[in-house]
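Open the model in your viewer and keep the selection tool at hand. This tour says what to pick at each stop and what is there.

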Amino acid sequence: MRRLREDGTPDKGKGFLIRQMTVADMPAVMALEKASFKNPWSTELLGRELQHDWSTILLVEEPLPEGGVELLGLAIFWIVHDEVHVLNVATAPVHRRRGVARVVMEEVLRRGVARRCSLATLEVRRGNESALNLYRSLGFRPVGVRPNYYVDEGEDAIVMVLDF
């Protein structure tokens with residue numbers, strides 16, 4: 001897991017940086033969404049998530065040799081009462097299989113534990129074996145199915161839960 005330093009700045013690990021999204025990140029986040037999903041989140045929806053106290057959008061970045069950073073992935077989640085609800089996890093297609101989703105999910109779960117949450121929930125496409133395997137490896141277990149949850153593709157969602 002990536003830990004925040006005392007001053008609140010992200011701590012580097014394996015070259016990845018994790019930080020919260022700001023409005024200035026919107027163009028890069030929208031490009032990542034469009035590259036990652038057939039039906040990406042809209043600018044309006046992401047903007048609303050940035051305004052809610054219970055919602056967090058974490059970005060995973062990697063420093064570039066020439067300076068600056070490249071956006072590799074993200075996670076959007078809510079913490080409501082004692083529950084973490086993961087809404088969206090995305091990794092840029094060219095950076096998949098590098099541990100980006102794992103590192104951001106570990107940070108999401110770390111934040112849930114720090115806030116004394118008792119469980120985490122998420123929905124994942126029935127056909128997304130990579131994501132299902134990742135979530136299982138983090139301790140999530142399937143508890144149900146939401147038929148036709150991804151309406152545009154007609155695909156079911158597997159509901160998964162992790163008890164802290």
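A pocket, in this tour, is an open set of grid points where a 1.4 Å probe fits, with protein on both sides within 12 Å along at least five of seven lines. Its volume is the space filled by probe spheres set on those points. Keep in mind that this is a predicted model.

**Stop 1: the whole chain**

Show everything as a cartoon. Trace them from the N terminus: the order is β-α-α-β-β-β-α-β-α-β-β. The C-alpha trace spans about 45 × 35 × 30 Å along its principal axes. The radius of gyration is 15 Å, which agrees with the value near 15 Å for a compact globule of 164 residues. Of those 164 residues, 44% count as buried. Look at the contacts between residues at least 6 apart in sequence: 57% of them join residues at least 24 apart.

**Stop 2: the annotated domain**

Select residues 16–164. The UniProt record, an unreviewed entry, annotates this span as "domain: N-acetyltransferase". The span is 30% helix and 40% strand. Its end C-alpha atoms lie 25 Å apart.

**Stop 3: the largest pocket**

Which residues lie nearest the centre of the largest pocket? Select Phe37, Val89, Ala90, Asn128 and Ala131 to see them. In total, 37 residues line this pocket. Now colour the elements that give two or more residues to the lining: helix H1 (26–36), strand S4 (83–91), helix H3 (100–114), strand S5 (119–125), helix H4 (129–137) and strand S6 (141–150). S4 gives the largest share, seven residues. The space inside comes to about 1,200 Å³. By class, the lining has 17 nonpolar, nine polar and 11 charged residues.

**Stop 4: the second largest pocket**

Select Asp53, Trp54, Thr56, Phe77, Ile79, Arg111, Ala114 and Arg115. These residues line the second largest pocket. Strand S3 (69–80) and H3 are the elements that each give two or more residues to this lining. Here the space is about 150 Å³. The lining divides into four nonpolar, one polar and three charged residues.

**Stop 5: two residues with positive phi**

Go to Arg97, in the loop between S4 and H3. Its phi is near 70 degrees, a positive value in a residue other than glycine. Is Arg97 buried or exposed? Its relative accessibility is 78%, so Arg97 counts as exposed.

Next, pick Asn148, which lies in strand S6. Asn148 also has a positive phi, near 55 degrees, and is a residue other than glycine. With 39% relative accessibility, Asn148 counts as partly exposed.

**Stop 6**

Finish in strand S5, at Thr121. Why does Thr121 count as buried? Its relative accessibility is 12%, and buried means under 20%. Now show what surrounds the residue. Leaving out residues up to four places away in sequence, Thr121 touches Glu83, Val84, His85, Val86, Phe140, Met160 and Val161. Draw a distance from Thr121 to Val161, C-alpha to C-alpha. The two are 40 residues apart in sequence, and 4.5 Å apart in space.

Terms used: Residues are numbered from 1 along each chain as its sequence is written. This is a predicted model: local features need pLDDT of at least 70, side-chain atom pairs count only at pLDDT 80 or more; totals for chains, interfaces and linings use all residues. Side-chain values use heavy atoms; hydrogens and water are left out. UniProt positions are given in the numbering used here, feature names are shortened, and annotations may be inferred rather than shown by experiment. Helices (H or I, at least four residues) and strands (E, at least two) are DSSP runs, numbered from the N terminus. On a 1 Å grid over the protein atoms alone, a cavity is a set of points where a 1.4 Å probe fits but cannot get out, and a pocket is an open set with protein on both sides within 12 Å along at least five of seven lines; lining residues have an atom within 4 Å of a point. Ala, Val, Leu, Ile, Met, Phe, Trp, Tyr, Cys and Pro count as nonpolar, Asp, Glu, Lys and Arg as charged, and the others, Gly among them, as polar. The radius of gyration is taken over C-alpha atoms; the globule rule is 2.2 Å times the number of residues to the power 0.38. Buried means under 20% relative accessible area, exposed over 50%, partly exposed in between (1.4 Å probe, protein chains only). Contact means heavy atoms within 4.5 Å.
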